[in-house]
Amino acid sequence: MKTAIYARISTKGKGQDTENQLRTLKTYCKKQGWTIAKLYVDEVTGSTPNREQFKALFIDAHQRKFDLVLFWALDRFSREGALETLKHLEKLTAFGVAWKSYTEQYLDSAGLFKDAIVSIMATLAKQERVKISERTLAGLATARAKGKSLGRPKKVFDRHKLNRMRRKGASLGMLAEEFGISRTHVARLTKSSTV
C-alpha cells in the first residue's frame with residue numbers, strides 16, 4: 001500500500017521535533033509492508049488549514065498519489081475542531097484515500113470498524129454544529145436583551161424626494177449614489193412612482 005505520512009508540530013524548538021513522529025511512523029509502515037510515497041511535514045499550528053504541506057497532501061490525495069494517509073494522532077493532523085477535521089477526513093475518503101491515526105488505533109478508515117468510526121465522527125461533528133448554533137442564538141438573545149441593534153444599520157433618507165427625482169427622470173445609478181443605497185433598492189422603492 002502506498003502511504004503518505006503527515007507529521008506536524010506547532011513550534012520548532014521548545015522540545016518539539018517531528019523526527020520522533022517520523023521515525024516511529026516510518027518503522028510502522030515498514031512492519032506493515034507499506035511503501036512510503038511521500039512525507040508531509042508542517043511546523044505550524046494545526047488550528048488552520050493554511051499549512052503548506054497539509055494543502056500539498058490534499059492536492060496529491062486528489063491525484064491518488066497514495067492509498068493511505070498515516071498520522072501520529074488526530075490533533076497532529078488537525079486542531080480545527082471536530083467539524084472541520086471530519087470534513088478533511090471525508091475529503092480524503094471521497095478521493096478514495098484511506099486514513100489512519102497511529103496512536104489512536106480506532107481512528108482507521110481502512111480498518112474493521114471503518115463504518116462505525118466514520119459514523120461516530122459524523123455524529124460528533126453534528127453535535128458540534130448544534131452547539132455552535134445554540135451558542136450563536138444565545139449570543140444574539142443576550143445582545144437583544146441588552147438593547148443592541150442587530151443586523152445591517154437602517155438607512156434613513158427622504159423617500160418622497162427619491163420618488164420625485166425618479167419621476168423627473170433621474171437614473172437608478174444616480175439615485176443609488178445620491179441616497180447611498182443599491183440600484184436594486186432604488187428600483188424597488190420607485191417602482192410604483194414611475195408607472
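Guide: Let's settle one word before we start: a residue is buried if its relative accessible area is under 20%. Keep in mind that this is a predicted model.

Visitor: Okay, which way do the residues of strand β3 point, and are they buried or exposed?

Guide: In β3, residues 68-71, Leu68 and Leu70 point one way while Val69 and Phe71 point the other way. All are buried, so each has a relative accessible area under 20%.

Visitor: What makes β1 and β3 a pair of strands?

Guide: Two strands pair if at least two bridges are found between them. Strand β1 (residues 2-9) and β3 have 4 bridges, in the parallel sense, so they qualify. Tyrosine 6 has phenylalanine 71 of β3 as its bridge partner. Likewise, β3 pairs with strand β4 (residues 98-101) in the parallel sense over 4 bridges, and leucine 70 stands opposite lysine 100 in β4.

Visitor: On to the rings. Why is the pair of tyrosine 6 and phenylalanine 77 called edge-to-face?

Guide: The structure holds 11 aromatic pairs. In this one, the centres are 6.1 Å apart and the planes make 85°. Centres must lie within 6.5 Å, and planes over 60 degrees apart count as edge-to-face, so this pair passes both tests. Tyrosine 6 lies in β1 and phenylalanine 77 in helix α3 (residues 74-77), so the pair ties together parts 71 residues apart in sequence. Both tyrosine 6 and phenylalanine 77 are buried.

Visitor: And what makes phenylalanine 58 and phenylalanine 77 a tilted pair?

Guide: Here the angle between the planes is 45°, with 6.5 Å centre to centre. Under 30 degrees would be stacked and over 60 edge-to-face, so tilted is what remains. Phenylalanine 58 sits in helix α2 (residues 52-62), 19 residues from phenylalanine 77. Ring pairs link Tyr6, Phe54, Phe58, Phe71 and Phe77 into a cluster.

Visitor: How do you know that the charged end of lysine 91 sits over the ring of phenylalanine 58?

Guide: The charged end of lysine 91 is 5.6 Å from the ring centre. The distance limit is 6 Å, and the charge must also be within 35 degrees of the ring normal. Arginine 51 has its charged end over the ring of phenylalanine 54, 3.8 Å from its centre.

Visitor: Last one: why is leucine 150 called partly exposed?

Guide: Its relative accessible area is 35%. Buried needs under 20% and exposed over 50%, so leucine 150 falls in between. Leucine 150 lies in the loop between α5 (114-145) and α6 (159-167). With Leu137 and Leu140, Leu150 forms a nonpolar surface patch of about 240 Å² accessible area together.

Note on methods: Residues are numbered from 1 along each chain as its sequence is written. This is a predicted model: local features need pLDDT of at least 70, side-chain atom pairs count only at pLDDT 80 or more; totals for chains, interfaces and linings use all residues. Side-chain values use heavy atoms; hydrogens and water are left out. Buried means under 20% relative accessible area, exposed over 50%, partly exposed in between (1.4 Å probe, protein chains only). Helices (H or I, at least four residues) and strands (E, at least two) are DSSP runs, numbered from the N terminus. Rings of Phe, Tyr and Trp (its six-membered ring) pair if their centres lie within 6.5 Å; planes under 30 degrees apart count as stacked, over 60 as edge-to-face and the rest as tilted. Patches are made of residues with over 30% relative accessible area and no salt bridge: like charges are joined within 9 Å, nonpolar side chains (Val, Leu, Ile, Met, Phe, Trp, Tyr) within 5 Å. Accessible areas come from the Shrake-Rupley method with a 1.4 Å probe; for residues, only the protein chains shown count as cover. A salt bridge is a side-chain nitrogen of Lys or Arg within 4 Å of a carboxyl oxygen of Asp or Glu.
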